[in-house]
Amino acid sequence: MMSSCDPITVALVQNRLDHIAQHMGWVMTRTSRSPIFNQSHDFSCYLTNGEGLLISQADGIPIHTGGGGFAVRALLDAFFGRIAPDDVFLLNDPYVAGGNHLPDWVIARPVFAADRLVAFACNRAHQSDIGGGAAGTYNAKATEIFHEGIRLPPLRLIERGILREDLWQLLMINTRCPDLLDGDLRAMLGATQVGASELMKLVDEFGVEETRELFNQILDHGDRRMRAALGVLPDGTYVAEERYHTDCFEEVEIRFKVTLTKSGTDLHVDFTGTDPQIRGFKNSSLANTYSAVYAAVASFFDADMPRNEGTFRCLSINAPKGTVVNARSPAPVTMCTVFPAHEIMHMVWWALGQAMPDRALAGWGKNAFPVTAGTDARGSTWVMYNWGGASGAGATADRDGFNQIGPMVTLGGLSIPNAETYEQLYPIRVLRHELRVDGGGAGERRGGTGVLFDVEIETEAEYSFRGEGIGQPSGLGVRGGREGGAGFLSLTAADGSVYEPFPYGVERLGARRLSIQAPGGGGYGDPLKRDPAAVLRDVRDGLVSPEAARSEYGIALANDSASVDVAATEALRRASEPERRIVSAA
Amino acid sequence: MDSLAFAKPESWRIGVDIGGTFTDLVLASSTGAIEVHKVPTVTHDPSQGALDAIAGAAASRGMSVGDLLGRCTLFVHGTTVATNTLLEGKGARVGLVTSKGFRDALEIRRGIRENPWDHRTPYRPVLVPRYLRLPAAGRLDRQGKEIDPLDLSEVEAAIGAFREEGVQAVAICLFNSYLSGTHEAAAAERIKELAPDLMLSVSHAIAPVMGEYERTTTSVLNAYVSPVTLSYVRSLNNALTGNGLKSPFVLIQSNGGAVSVTELGDTAVTLLLSGPAAGVGALNYYREAIGSGNLISIEIGGTSCDVIIMNEGEVAAVDLLDIGGYKCVTPSVDLHTIGAGGGTIARVDSAGFLQVGPEGAGARPGPACFGHGGTEPTITDAQVVLGRLKPGPYANGALVIDKVLAEKAIGEKVAKPLGLTVEQAAAGIIQMMEQKLLHAVQRVSTERGHNPERFTLIAGGGAGPLHAASVGRALDCAQVYIPKLSGAFCAMGMLNANIRHDYMRVLWGRLNEVTSAFLEEHFNVLEARAVELLTREGFAPDKTALRRAFDLRYLGQQWDVTIEVGKAFDPELVRRAFEKDYERLFGHTQPDGVIEITKIRLIALGLIAPLPSARADAVTAPGAPAETRPVWVDQESGWRDVPIYRGSSLGAGQVIVGPAIIDEQTTTVMIGCGDRLTVDPSGNYRVSMGQ
């Protein structure tokens, strides 16, 4: 007989914890009411140990990675010594409760064995509506968190098995969609119940002490995996920057800066040099900033890297208080899980890419499309995310960028709906959903092209603009790769007049044709090194123009663009090289 | 067609399933005898493997191939040719005619990434390059009415371009054409006039579903795999009929039913699960002997494990398949596959954790112990180290297991890095494999709203019976059932499949508003097509069954539940059936919710007489173990001297208490401590679990 902490048992228990977290996710998907959950999977189920350290988050979206521990530790602070079996907790606030932003509510259910608190089973999920200044949780006009919805400190939602009805009613009168919220909260409670009872079985099998030790070993394994991955990077300091071009109200440049210091198997992530917090809702909470860093680091390495709190033990993060990556109350923060999560992930990727160029990741285009809402003939409200206008992804050493993909903070975990489906759901006609020409950043690997998305919106509607990717290229290239094309948005009225709105804001407009040029992703590597056959294919496919093939890739085409003129191409590429050297030296 | 039940003198059905390593042939005789022949698969020419198996079966009966095929009343085949054509990228050169503005749906793929964390892996190659995805102007609105006429001159121009590029098959998918096929039909008509030699795949006929991406990829996949697949199927049919087979053979489709070779038409896309989908026929066959319609099968072969749930005698269907990253809409058995089979590889990660799969060693080199040059330790290697599989020749010497090679692979790649003995490492590998199987079954049952405790777990595949008792115990299953012929599970199931054709049509209406006459009109159209086809296939009306179903949802939702309905339309009955399933799947209902119909479906069956259960002779003297050898039983019991039985020595009624191993012709059965195995009247093994 081996001891229960032998390597086989620890691995089996880790798989089992991951299975429990996924099991909670299947239950949530199956029993929740809102399409946010059962269609878009905007939630994460996770487990922590008794101290609130994340031990498994096998279910869920990348931008929730690792942030869940903050919530549990906040409730432990608030209720320490007063947590009883059959209590269940609820929270959301980014300033006092370890939340990331207000729409993501966390249900945390403690697991006791022999009067010892051994674990929590938790579910963090984006609610359909939580009150605040705009339906659907995103209020682009918010200047204080009070405009963004109801704030929940750590609350005891269920007290020794009894649901607090008065509190439940308080929640229900603070939403525009009480039926959805009621059903979804019950689904969250059900999912955590399943997780807690599966954890109880585990504790019954191994005993309290053994279980705690197994959890520690699992955290230690995560630690060893990440240190093994980090260990091969050269020691040094790596700096990357990012930018906003608005504060949601006016054009102003907001600077982000990260300095990565890698030493041995430790990595320090310092945001010093990042600008102060801003007026609009693109500030980040601390939990979200940590999550974005975790997601970026984990996704930089292997896909099967564990993602528990042990994995990130080697990281230390300094996010100065009062900056846009760690705002002071009462700054609004609802947009943070997208922006600046996208900027933070970019910077961490780019800094790590300097240390490990073969794994460098080009930038993903920031989204440019608005959310459109209106009222149908029966008087019900419809809310349409124009996902058909989503952006292209950046290239890597091994592949071109995805031409169109879900938001970077989900790493493509959200899928693009069919235009045919949207025509059945909303009063629209989709005219075009096609790849862009020359939208992808040139490179040895080309960036994703982005798309042209044209849609007739047939009735009056409210447009909530959050066009971070508009106007300036956002998918930057790496290792000599070029930036992807900038985003562009316009609205055309029946009389032919064209309107280009400010990238952020809320406006009500009559029937319009919405046209989006979705930003492209960045290229990887020197375009002059791209395989001529790949450039030829791109030209034949209409994704790269013959002019760009010549000017960006140094490819001369013959026979009406049907083949590569090898001799002319060699000459062109030879002639371009010295010029490139001068450019890169500058 | 098949008249097995009445045939005199002796006649038989033959099923042939071509897997990655072995080609299985099962012959079920009208006398009740069942024979299995296993031969190595001929990868470059799969039909050769089939013909080898037939020759082997004929030889063992001492008759000619002509006699064997001449008295075969039903020849059923499951083929992986369509799937391999797709996965190996060896399909036809395809051109796509699409609507202006939507030529890129195929390449955008709705941005779906199965595992977002794996963002460095490229998509599979797009099957039609953009320069062969050519748009034509023309537009149908959201009711299917024409807004702009189809520009046929652009269709003609596309054909010109396809000609220049050597295109062999053309897919047509136009926007909103699931609502009306008028534009697609007009385009198809023109292409037939101009280029009658090009194979055509038209979206509204192949996959009449909403969603331009799914319809496009399905019609393209069909165009891609059909030419190669149909040519294989036809040449095999010629070889068989040329050798005496009297009626065309039938093929298993992804929906678990069969279709005659002559009626398959140009729709080889329906064959992508041909093979594993035959598991449904096996479940239908064994449920009789088991006496329950609540079954979960785990069919474990060399590379994967397929899980199928049968609830109250019904196996659910799904429309969307993912074949190696390519999506395809075709009615299919709801089958969940994980990368866990005999050839699945175990390794140790950079921080000292054991991992099993999903990578496998494939048919070649296969497990290290096969001696084909494999050095990675696999599940099979672990079974050999643990004494559950005996070294030496298998399948008439088609392969020879070498224990030294198994020990070496596990020793170097797992035991040494973990600081364990080879035996401890092998035991860990098996524990991890069985945990994967357990989790897979739990996942499928949780997602479908079933509790495994109500189910009998059935072992299938060559490797299934080694794991079933252990997994069944962990699941708290009612019992475990291990067919004697587990190793030919799907070939067996093929002999018990009905002919089946699925039809569907998008049709919207509120359940409380649609009229019976309206529905009848639409069902009648589908039924007329079905009856015509089944008649051609030789089924008299009393040998057919037409089953109707609705896809339903609560208003405003975007996911459907399929509910079978009777011929007489009773909205109240439909509502109750919907709510019952909805409650099981989602845990709640909306008492005042408006229910919407989104699709009607017709399942048309040509009924084939069910295969009678095998009969085993009752035990006279209980079979004794042929030998006893040390075997690692489980974590608690460790190594024990375990009795090894020969399956052929056991008779109905005999009881064996575990631990024990039974060597069978096509598999090896393992039961654990305290498990109680009874040989049932059909000669199969029923196991009730010990603790």
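So, A:Thr65: setting aside neighbours within four places in sequence, this residue is in contact, meaning heavy atoms within 4.5 Å, with A:Gln57, A:Ser291, A:Tyr294, A:Ala295, A:Arg307, A:Phe312 and B:Trp117. Before I go on: this is a predicted model, where local features need pLDDT of at least 70, side-chain atom pairs count only at pLDDT 80 or more, and totals for chains, interfaces and linings use all residues. Residues are numbered from 1 along each chain as its sequence is written, chains are lettered from A and ligands numbered from 1 in the order in which they are written, and side-chain values use heavy atoms, with hydrogens and water left out.

Back to A:Thr65, then. You'll find that residue in the loop between β2 (54-56) and α3 (68-79) of chain A; helices (H or I, at least four residues) and strands (E, at least two) are DSSP runs, numbered from the N terminus. Is A:Thr65 buried or exposed? Buried, because its relative accessibility is 3%, and buried means under 20% relative accessible area, exposed over 50%, partly exposed in between (1.4 Å probe, protein chains only). A polar atom of its side chain sits 2.4 Å from the backbone oxygen of A:Pro62. And A:Ala298, 233 residues away in sequence, is 8.9 Å from A:Thr65, C-alpha to C-alpha.

Next, the helix pair. Helix α7 (residues 286-300) and helix α8 (residues 341-355), both of chain A, pack at about 40 degrees with axes 9 Å apart. The axes are lines fitted to C-alpha atoms, for helices over the stretch in contact, and angles run from 0 to 180 degrees between N-to-C directions. So α7(A) is oblique to α8(A); under 35 degrees counts as roughly parallel, over 145 as roughly antiparallel, 65 to 115 as roughly perpendicular, and the rest as oblique. Residues that meet there include A:Ala292 and A:Val293 from α7(A), and A:Ile344 and A:Trp349 from α8(A).

Now A:Thr211, in helix α6 (residues 208-231) of chain A. That one is buried too, with a relative accessible area of 1%. Its side chain reaches the backbone oxygen of A:Gly207 at 2.6 Å. Beyond four places in sequence, A:Thr211 touches A:Leu202, A:Val203 and A:Phe206.

Last one: A:Thr259, in strand β9 (residues 251-263) of chain A. A:Thr259 counts as buried because its relative accessibility is 18%.

Terms used:
A polar contact is a pair of N or O atoms within 3.5 Å; within protein, one must be able to donate a hydrogen and the other to accept it, and residues adjacent in sequence count only if both atoms are side-chain atoms.
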